[in-house]
Structure formats: structure tokens, C-alpha cells
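Please work through each one with the structure in view.

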Amino acid sequence: MRSTIYSFFTTLLLMTTAPSLAHEGHDAPAPTFTEAEQHTPTPLPDRVVLTWPGDPKTSIAVSWRTHASIAESVIEIAPGELLRGNLRTGQVPGARVVEGVCSPFDSDLGTWAQHTVRVDDLAPGKMHAYRVGDGTHWSEWHQFRTASAEPEPFTFVYFGDAQNAVRAMWSRVVREANQHAPRSAFMLHAGDLVNRGNRDAEWGEWFGAGAWLNGMIPSIASPGNHEYGEGLSRHWRPQFSFPLNGPPGLEETVYWVDYQGARIISLNSNEQIERQTLWLDSVLSDPNRPKWTFVTFHHPIFSAAKERDNARLRAAWRPVLEKHGVDMVLQGHDHAYARSGLGGPKNVSDGVSGKSSNTVYVVSVSGPKMYELQEKWDVPRVASGVQLFQVIRVSPDEIKYEARLATGELYDSFTLRKDESGQAELHEHEVETPEINAKQAEAE
């Protein structure tokens, strides 16, 4: 025992003194750790993430991972008010216990246990607190709020591609977004969350960047091309629990969720485009569809970057989106920013351009990888060379939209309103262009 303690403190001493020794000319390089060591699972839950497989008013799903030896999947969940008192032991008397499923997961860095628990019969519009574990090894207590039973104002944050240098450069974006929208209903990711979809270290960086936010704010995500290699990333479905209301074979990549007066639809722009067109038309034809509709997918209808036009996608989906008056289409892929007015760019010869439309198209990027802008489309606002996040505030009467830099400065803003007949009006807001973007515009 004594030798073990001595070995531990000797290692600790070397780790803490190595930089100073090297500075003095001594040959004492700092220790290095492999990716497997950096992302090793433990008995304690990590990579905790909230999603909605069902109705956001009454249900939630929590997914996490642990060391492969942990075989139990348990959640303790309680109304938020039960956590107001003296709870020094971490125990919450009266918490509901729900068991989930646990499956072994083989990654390129090793095997672990992947856990998911779904909880139903929750009270709408209420704060709920929870922790996950195996009955012995627990996460911290998190909390979230279920959707209200009736349409009420809410806010969500939309991110284009994170993809590269996620730990180093994207983490500040998602955290800055939380500063501007700390009570977000959900975070929406328009694909390419990581660069290589089957690399566990990259998923480790993505979960680390969002950290505890993922356990308190549900995620809605569509897969990008970088979530595909030989098919969909093997990480996608085990670590997320999205609705199964899409076409068979496209489960948890094509789906829809209704939240407080808005419908959010995820499409998969990587495969089976025409098949999804029929499904999208059916979902948008629903007579009970809420007032506002957002559609998200990865490859944009109108590309923001050079030599990346997606004519096939535009031909298949644009007529359906505009026929049904979809309010906003939120996309990624192009590592630049472009935002249209109503009906998209006006200089498109595809047989749809020029017709009255309520639809606004947005392409954005939240990570540090950037492409040059193309000059084909006539749109009110574009940017290149900047990381952005979007805060979207939805109320029964209007949508307020903001695109902000990673530093929090406002880059683009507008308000969208719709009358009783469904006719939309877009009101542009005057925004003083941050200096970095003014220089970028001059260079181009």
C-alpha cells in the first residue's frame, strides 16, 4: 500500500514539475496520453444528453455511457420543488425510479456500456430534476422543463457545422450561446457535429464542449455528410433517442417534434431524397399542424459557398417547403453564412423563383472551418470567416431571429410575422456590422 502511494505521488510530482525542469534545460518531457486514455469511460455516467423520442410535454429520454462493467440503467426523477430542501446526502425522498436499457458499444477506442432511459407521464410545463446511474454510481442532479400544454413563447439556439477543433474552438460558441439564451427550450444542430462520424475521440470532444448543457437542454440534430462513412455513424442512434415517426429505414434521422405552437422537422439530406419528399408533404399536410414550422437538414437548398450547389435537393424539396408555407429552413454544410428574405433568392431560374412564399432559408456555421462565399444568390446577408450561432425566439405572434458571432456581437437580425390568413411579413433590423466582417467584405 505504502509503495502504491509513493508511486502515485512520484508520478504527480513529475507531472507538475516537468515544465519547469524542461525550462531549465533538463530532459524531462511532459507526459502524453493516448486518445483512448483521454476518453476512457468510468463507472460514473458521462456524455449525458437529453432528447425527445415522444411528446415534449410529457416525456424525455436521457442517454449516457459508462465503463463496460456497469450493467444497470436507472434514472431517479422528481418534480423540481422536491429539491428545495436539505439534501446533503444527494438523496431525494419521493423520487421516481425508472429503469432503462443498457447495451455494449464497440468504438475505435474500446468498448463501453451505452445507456438510455425514457420517462413518460411527466407533468407539462414543469421543472423536473433527475440523476442517472446504476443505483450506486450516480451523475450529478440535472434539471429540465417539459413543454407547456398550450402555445407559449420559447427560445431555441441553432448551430451550423461544429465539425473541426470542437474542443478547442467550438466549445466557446455553444457556451456563449447559452449566455444569450440561458433558458433555451432546445439546441438544434444542422449536421456535421463532428468531422469523422466513427471516431470516438471526436464525439468525446463534442460532448465535452456542450458538457452539462446537454443534460439540461434537449438536443434536436440532423446528420451531416460527416456523420456518414459506410452508412450512418454507428454512434448516432445509440447516443441519441430521437422520434421514430419518420420513414422506415431512416429512423432517428428523419422525424418531427411539436413544441409549444411550432413543428420542428428533421430531414436527412444524405440519402433517399425523393422518398423523403413524399413523407415531408404528408407531415406538412397535417390539418393540426401548429402555426409555425421549422425544417432542418444539412445540405442547403441555396448554397453559400462556391461550387457547392445542390440542384437535385432544391428541385425535390423547395416546392414542398414553399407550397406548405414553411417559415424557416435551417441548414449547414457550407462553412459560411447566408440568409434569404421570404421565398429565398430572387435570381433563381428553377420554376419556383418569383412566386409568393413565406419561407426564409438560412445557412450557417458554428465551427472554425470556413469556405469562400459564392456570388450566385442574391440574399440580404452573408458572411465568411466567422463562427456564428443563432438565437430564435418564437411567440404566438412572431419569430425574432438573431445571428451572433462567437464573441456574442450581433451580426444579423429580423422579425417574421404572419397574419390570420398565413401571409408573412419580414422586417429587417438595422445591424451595425462588426469590424471583422467589414474587413472580410472589403477583401472579397
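**Exercise 1.** Which side chain meets that of Lys-57 in a salt bridge?

*Solution.* The model is predicted, so local features need pLDDT of at least 70 and side-chain atom pairs count only at pLDDT 80 or more, while totals for chains, interfaces and linings use all residues. Residues are numbered from 1 along each chain as its sequence is written, and side-chain values use heavy atoms, leaving out hydrogens and water.
Step 1. A salt bridge requires a side-chain nitrogen of Lys or Arg within 4 Å of a carboxyl oxygen of Asp or Glu.
Step 2. The side chain of Asp-55 meets that of Lys-57, with an N to O distance of 2.8 Å.
Step 3. Relative accessible area (1.4 Å probe, protein chains only) defines buried as under 20%, exposed as over 50% and partly exposed as in between. Lys-57, at 27%, is partly exposed, and Asp-55, at 30%, is partly exposed.

**Exercise 2.** Determine where the salt-bridge partners Glu-76 and Arg-131 lie, and whether each is buried or exposed.

*Solution.* 
Step 1. The salt bridge between Glu-76 and Arg-131 spans 3.0 Å, N to O.
Step 2. This pair links distant parts of the chain, 55 residues apart: Glu-76 belongs to strand S3 (residues 74–79) and Arg-131 to strand S7 (residues 127–133). Helices (H or I, at least four residues) and strands (E, at least two) are DSSP runs numbered from the N terminus.
Step 3. Glu-76 is buried at 12% relative accessibility, and Arg-131 is buried at 6%.

**Exercise 3.** Explain why Arg-318 and Glu-322 are separated by about one helical turn.

*Solution.* 
Step 1. The closest N and O atoms of this salt bridge are 2.7 Å apart.
Step 2. The separation is about one helical turn because the two residues are four apart in helix H7 (residues 311–323).
Step 3. Arg-318 and Glu-322 are both buried.
Step 4. The structure holds 22 salt bridges.

**Exercise 4.** Describe the surroundings of Ser-241.

*Solution.* 
Step 1. Ser-241 sits in the loop between helix H5 (236–239) and strand S14 (255–259).
Step 2. Its relative accessibility is 14%, so Ser-241 counts as buried.
Step 3. Contact means heavy atoms within 4.5 Å. Beyond neighbours within four places in sequence, the contacts of Ser-241 include Thr-51, Trp-52, Pro-53 and Glu-252.
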